[in-house]
Amino acid sequence: NSSQPQLVKKGTITVGMEGTYAPYSYRENGKLTGFEVELAQKLGKKMGYKVKIVPTKWDSLIAGVGSKKLDMAINDIAMTPDRKKAYLFSDPYIYSKSALIMKKDNTTIKSINDIKGKKIAAGTGTANADNVKKFKGQTVASSDFSTSMSLIRQGRVEAALNSKEAFLYYQKSTGASDLKYAEVPTNKIPEQSIGILMGKNNKGLQKKVNKALAELRKDGTLKQLSEKYFNGDITNK
Amino acid sequence: MIKLTNVDKQYKEHHALDNITVEFPEQETTVILGPSGAGKSTLLRAINLLERPQKGMMTIGDLTVDFSNNLSNHEILALRRKTAMVFQSWNLFPHLTILRNITEGPIHVLKQNKTVAENHAMELLEQVGLADTANRYPSQLSGGQQQRISICRALAMNPYYILFDEPTSALDPELEAQVLRVLQDLAKSQHSIIVVTHNMEFARRVADKIVFVEEGRIEFAGTSDEFFNRPTERIANFLDAMKF
Amino acid sequence: MIKLTNVDKQYKEHHALDNITVEFPEQETTVILGPSGAGKSTLLRAINLLERPQKGMMTIGDLTVDFSNNLSNHEILALRRKTAMVFQSWNLFPHLTILRNITEGPIHVLKQNKTVAENHAMELLEQVGLADTANRYPSQLSGGQQQRISICRALAMNPYYILFDEPTSALDPELEAQVLRVLQDLAKSQHSIIVVTHNMEFARRVADKIVFVEEGRIEFAGTSDEFFNRPTERIANFLDAMKF
Amino acid sequence: MWEIIRSTTPEIVWAGIKYTIPIAVISFAIGLVIAAITALIRISKPRGNGLVKGIWYLGKLIFSFYVWLFRSTPLLVQLFIVFFGLPNIGIQFNAWTAGIITFSLNTGAYASETIRGAISSLPSSQWEAAYSLGMTYSQVLFLIIFPQALRVALPPLSNSFIGLVKDTSLASSITILEMFMVSQQIASHNYQPLLMYSIVAAVYAVFCTILTILQHLLEKRANRYEVAEGE
Amino acid sequence: MWEIIRSTTPEIVWAGIKYTIPIAVISFAIGLVIAAITALIRISKPRGNGLVKGIWYLGKLIFSFYVWLFRSTPLLVQLFIVFFGLPNIGIQFNAWTAGIITFSLNTGAYASETIRGAISSLPSSQWEAAYSLGMTYSQVLFLIIFPQALRVALPPLSNSFIGLVKDTSLASSITILEMFMVSQQIASHNYQPLLMYSIVAAVYAVFCTILTILQHLLEKRANRYEVAEGE
Ligand SMILES: Nc1ncnc2c1ncn2[C@@H]1O[C@H](COP(=O)(O)OP(=O)(O)OP(=O)(O)O)[C@@H](O)[C@H]1O
Ligand SMILES: Nc1ncnc2c1ncn2[C@@H]1O[C@H](COP(=O)(O)OP(=O)(O)OP(=O)(O)O)[C@@H](O)[C@H]1O
Ligand SMILES: [Mg+2]
Ligand SMILES: [Mg+2]
């Protein structure tokens, strides 16, 4: 029955996330926490399911949803056309804007067009990496956010392309004053819609998730969460 | 009795046993003589099934095998347990103490009780004058001492036949005499013995039968008396040459 | 000349050389006799610096060392190159062919030209009747064949002194006689030789000097004549005992 | 900094005790058994008549293929295929089972090569002396060959064990939250990856040091009867 | 699926040729030299008078520490510290240099244990026979000891080499876009990680098979003078 959600474990949604990307999901005081962790818990409550969070690697999230070891992956996943072909997405719950992060005294990069020919750090396989390529920058693969920041500080790259929210959170938590960011206008790089990734044949689950997401949006929970973790509302376009 | 019939062993480079037919009578001492490289060790090793001849038959006591067939593990073990071998280069187990070198076979193969095996081993060690080395390792013994231990290891198995490959080659004359006396005692008791040796005096005095091997062939097999007192020309030459 | 003065070697478990003082005259053949475990191999090994005694002095030709000091690498090499050793258990290099076992030293230590070394090696192999084994590996030879190869390996070094540790222990009488004749030839030429052997006949006929070792001590050192014809009680016992 | 170390180390250690150590120890034990069997089969010389010999050769081939397969492909991929791939053909393991199976097979393949080398380093005269006493194949192995082979194989086997301890970090890709992943999760929040990595490295170092000490104790025991000569 | 395989394999192979192979080969070569030196120093018995002996012991200690350090900590952390950590104390390497240094030192530490074990498996009579010919230490080593030790060490060393080939995938964490990373990048687009992993595994398998064949050729050569006995 394709209209019923198919779940790995009855009465429980099994949610995959990396847990290595603050403030989306990370570890603090021995517990996994973050925007997406709380979102998953609130979603589960609304849908009437228990929530089981499974931390694993990025590739394993995809493979896990594909081979039905996970019901969904909530991991700041941008809804690209490629991905939409292979998987189902929920409605977006975040709209993410891009930013170029560089040293405070950097004067050579003023707009995204200036990255041409320069070394720019971007996460492996992310949309950011594609965009660096699009603007003829030289991608330097970086495994996580703080690695990108080290690369900038050590002068191994000129700048990093990443989400504005991630940098703001970074600056807030570390008080880093040696770095600055330049927002990339949405006519150059459109904001990315972030959604929850689910298996292709799990229409029933998608429907249910979308309904719960809409309710969370309506009752202000989503906005409240955004403000708690990002210091602003990024849940709308 | 041990009996070989038309046994043939061919190495890639060398024809080591060339259609050998010979008998080793029970409760007698047979001495194998012959020049270096003649195939004496190979012959002993074939009896112990360490070398697998390509052709021929072998009988040991009540067991007979045909080397052109495949031998089952069971056959091999049964045959091997009838003989014990003292190697030309000793081949002690370097990781075991002297005592355990001797008791390992009796305990695990003959299923002897550990104390019984150790007592017997200590007796044997005393006989060869090495009781005080029981807890050393082989690398801590001199060559001659190692050789005596390897004799003890074989004797501890109480085999139907004992095979000696030059049991006195690294011994000084004093000890050689002593070891040969041990062999003589064995020879006089119910034991059946096959010895490769270069000690002519020993051959003359102890051998019931002498087998002379040359280039993988049996050149002579007969009594000690025939060998020493009515030698063929080749044997006379051999006996002459050994007089330094 | 080789001269040891107050040389002492103590293993943890055993006092192997007990304050030894002895001379080995140049261009003479000295035979070391003594029961198994007496320290004969240890004495030879000390001369070759494979064993480092804790005390005493040693002179080889124009070089003198004091064992209580640390020897420099240079001293050790210089001393060692004056002697060559034939081991009781042969110790051939299993990964090299017979030919290369013999030529490795001359080529790399004496810096001989390869052809020269190989020709010399082939000559030596012919002398011991093993020229056809030149391209085999040691594991493919019989015990006695390996022993002859190890003699060739030492001779190829043209050393000032040659040290033999039971050079004939694995040989048949025919070959033993042959090898002993080689040694006798060496003895008659300019060579200086030290031999540990159990062959009394050889000792009697070839030895210029005899050294009798027991429990790490020199019990006798003198001419062959003294030893055999005017033996002390202990030596008489030894000579008696070896008569089987 | 001290504050971070103090507060995060316990959870990293705990993840190590809960996942890293049991996975490594269990897999190594199973792997060793697999390795010994594999090495012996690969060393063996087929005997017997036509059919028996044929099956024997086939067995050797299969074990050679196994060693080749597991040495030639990345461990991560092996984990992935066992955990995510096999369900496609109807074989489903939970993460623990998949992990233990894969780590054991992987270790077994590498260690079998080590053991094979160690056994063939022993002179054949040792086999002969043991056989001549009438020992069975397994008696020769356990009483004579393995104890001597151990001496040669200990350092590389300990390499394998220590390598395995650290390879268990790959278990995070099959949803086992082992200590490396924990430290990454913490690092993502405090933005101190170098520090967090150093902490986790220190914890690994403690485990591996224990193994190294064990190795040296075993080596001492295995070497008691002979010492190599340097100058 | 065939379309994906056809279109992605070339770039994965290219990344392998550009990064994986050169890093692995260069690091292994350097690592072997480090390993041999380390093994010999650790085996040696200090001689000489007070000061020389003291320095010698110190040397042994330092090399032991090096082996312990590189065996006990994860390779990923070592890479991270050399690449991201050392700049903090003013030592900055580019990614290639940092990679080669770290991989070489890591391989050297493991391989030194293997070589140490192999050398001490040789009977001391081999050293003695060679010394008695008047050979120098290095002649004994290169003419007599190493050729025989190789026979024992080949399988575990080849384990190390094959392991290294696959460990180079960690180079991606210091910005080297080696083939595993390339396949992950592709997977993040086509969402076929299992397939991409299988492709990259196949490419590794080709490299490692070549190494295995090489290993067996060398083994055959090293074993020509003796064969172990099974039954
Ligand atoms: N594995 C082998 N490959 C080729 N030839 C071999 C092999 N083993 C032994 N031989 C040869 O077989 C012949 C017989 O060897 P065997 O060991 O039986 O001689 P032996 O009579 O015991 O001599 P010795 O008195 O010197 O011990 C020798 O010529 C030897 O070179
Ligand atoms: N590493 C060692 N540790 C302890 N004792 C040893 C060691 N090596 C040799 N010995 C002992 O030192 C003594 C002398 O040994 P050595 O090899 O010199 O005897 P040998 O006179 O050559 O005897 P053989 O005629 O049997 O060869 C022996 O009693 C032996 O057990
Ligand atoms: Mg023989
Ligand atoms: Mg001796």
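Student: Which chains surround ligand 1?

Tutor: This is a predicted model, in which local features need pLDDT of at least 70 and side-chain atom pairs count only at pLDDT 80 or more, while totals for chains, interfaces and linings use all residues. Residues are numbered from 1 along each chain as its sequence is written, chains are lettered from A and ligands numbered from 1 in the order in which they are written, and side-chain values use heavy atoms, with hydrogens and water left out. Among the 20 residues around ligand 1 (a heavy atom within 4 Å), the nearest include B:Ser36 and C:Ser142. The site is therefore shared between chains, namely B and C.

Student: How much of the accessible area of ligand 1 does the protein cover?

Tutor: Polar contacts (pairs of N or O atoms within 3.5 Å) reach ligand 1 from both chains, since a polar side-chain atom of B:Ser36 lies 2.6 Å from one of its oxygen atoms, and a polar side-chain atom of C:Arg136 lies 2.8 Å from an oxygen atom of ligand 1. Of the 650 Å² of accessible area (Shrake-Rupley method, 1.4 Å probe) that ligand 1 has on its own, the protein covers 90%.

Definitions and conventions. Polar contact = N/O pair within 3.5 Å; in protein donor to acceptor, adjacent residues only side chain to side chain.
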